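The sequence and the structure are shown here.

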Amino acid sequence: MSRSSLARLVLLALLWGSGFLWIKLALRGFSPTQIVLIRLTLGALVLMPIALARGMRLPTGRTTWAHLFVAALVANAIPYTLFGVGERTVGSNVAGVINATTPLWTVLVAFLAGTDRSVSLRRGAGLALGFAGTLLIFTPWEAANEIASWGGLAILAASASYGISYVYMGKFLTNRGIPPIMLSATQLSAGAALMVLALPLGGLVAPHWRFDAVASLLILGFLGTGLAYVLNYRLIGDEGPTAASTTTYLLPVVAVVLGALVVKEAVTLPMIAGMVVVLGGVALVQRRPGRPTNDEPEPAKAGSPPR
């Protein structure tokens, strides 16, 4: 990997890994619904001009737009809102660690949906290991554990929704002639439209215009939901999807470190151990037997970060 690509990889991991912290800080002034609406709008305002400036055309056809709205629902509106709801009661570091289960959900959903029925001992062991790590993170046998709560379950559901979205987009939207940046721009726009409809669900409360909340929301929208996708596509183009997928292993680490440094969130042994076990499971399920690792395709991340 070239130095410039390595710098993009590190910046991308920081942008997506810090997203959980920005959500936590934005909640000091805004409701989850408001955060998601503003985040998606700002992200679309970054990507759409870039796509149009490169001569890309908006998708046409009712069927395509229907798929875009469904993708926006399961890849943006639902998981982004659930992260906000969950982080009201659990730490941003917990959100980052649980989010690492997304590739496990993707494999499971793809198998259940029939889009990828490939079965191997390695993938089965990876799924078992990954979900065992998830159980370790939640430690439900500890009554005082805040992670084993509705907030923790909301974040786990958000990760599962990401898994559903990857399978859905892979079947109905990717490889259909829509450039990735335009796909993301239109999906974020569709998500913003959905969140306007969701405003009666907690979005009409008066926000508190605190500096830290406003700044966090601007960073989350312009950088974490806009610039990050540009970096991701550039990294995929320069180094390939496998190199870009390395961010999967960096995001929870960034989330844990920033949570501890910025908002003094506690780091527990079960959380760290569970994260290591989950990432070990992810490494197993993402590796396909009989193919060189550097040629593996990875799920498209159009419109929804693994974070």
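## Ser 216 and its helix

Ser 216 is found in helix α10. The model is a predicted one. With a relative accessible area of 2%, Ser 216 is buried, because that value is under the 20% cut-off. A polar atom of the side chain of Ser 216 lies 2.7 Å from the backbone oxygen of Asp 212. Leaving aside neighbours within four places in sequence, Ser 216 is in contact with Trp 22, Leu 25 and Ala 26.

Side chains of opposite charge can pair when their charged atoms come close. How many salt bridges does the count come to? The count comes to two.

In one of them the side chains of Asp 212 and Arg 28 meet, at 2.9 Å from N to O. Asp 212 lies in helix α10 and Arg 28 in the loop between α2 (19–26) and α3, so this pair ties together parts that are 184 residues apart in sequence. Asp 212 also forms a salt bridge with Arg 210, where the closest N and O atoms are 2.7 Å apart. Through shared partners, the salt bridges join Arg 28, Arg 210 and Asp 212 into one network.

Both arginines are partly exposed: Arg 28 has a relative accessible area of 41%, and Arg 210 has 39% relative accessibility.

## The nonpolar patch

Which residues form the nonpolar patch on the surface? The patch is made of Leu 45, Leu 218, Phe 222, Leu 223 and Leu 227, with about 410 Å² of accessible area together. Helix α10 (residues 211–239) supplies the largest share of the patch, four residues. Leu 223, found in helix α10, counts as partly exposed at 34% relative accessibility.

Where does Asp 238 make contacts, once neighbours within four places in sequence are left aside? The contacts are with Ser 5 and Arg 8. Asp 238 and Ser 5 are 233 residues apart in sequence, and their C-alpha atoms are 7.3 Å apart in space.

Ser 5 and Arg 8 are among the buried residues of α1.

## Helix spans

| Helix | Residues | Length | Span | Expected span at 1.5 Å a residue |
|---|---|---|---|---|
| α1 | 3–17 | 15 residues | 21 Å | 21 Å |
| α3 | 32–53 | 22 residues | 32 Å | 32 Å |

Helix α3 is followed by Gly 55, whose phi is positive, near 80°.

Lys 264 is placed in the loop between α12 (247–262) and α13 (269–286). Is Lys 264 buried or exposed? At 66% relative accessibility, Lys 264 counts as exposed, because the value is over 50%.

Ser 92 is placed in helix α5 (residues 92–99). Ser 92 is buried, with a relative accessible area of 1%. Leaving aside neighbours within four places in sequence, Ser 92 is in contact with Phe 20, Leu 21, Lys 24, Glu 87, Ala 255, Gly 259 and Glu 265.

## The chain as a whole

There are 13 helices in the chain and zero strands. Read along the sequence, the pattern is α-α-α-α-α-α-α-α-α-α-α-α-α. Of the 307 residues, 53% count as buried. The chain exposes about 13400 Å², and carbon and sulfur atoms supply 69% of this area.

What share of the contacts between residues at least 6 apart in sequence joins residues at least 24 apart? The share is 88%. Two pairs described above span such separations in sequence: Asp 212 and Arg 28 lie in parts 184 residues apart, and Asp 238 and Ser 5 are 233 residues apart.

Conventions
Residues numbered from 1 in each chain as written. Predicted model: local features only at pLDDT ≥ 70, side-chain atom pairs only at ≥ 80, totals over all residues. Heavy atoms only, no water. Expected span 1.5 Å × (residues − 1). Buried < 20%, exposed > 50% of the residue type's maximum accessible area, 1.4 Å probe, protein only. Contact = heavy atoms within 4.5 Å. Areas by Shrake-Rupley, 256 points an atom, 1.4 Å probe, with all protein chains shown as cover. Patch = residues over 30% accessible without salt bridge, like charges linked within 9 Å, V, L, I, M, F, W, Y side chains within 5 Å. Salt bridge = Lys/Arg side-chain N within 4 Å of Asp/Glu carboxyl O. Polar contact = N/O pair within 3.5 Å; in protein donor to acceptor, adjacent residues only side chain to side chain.
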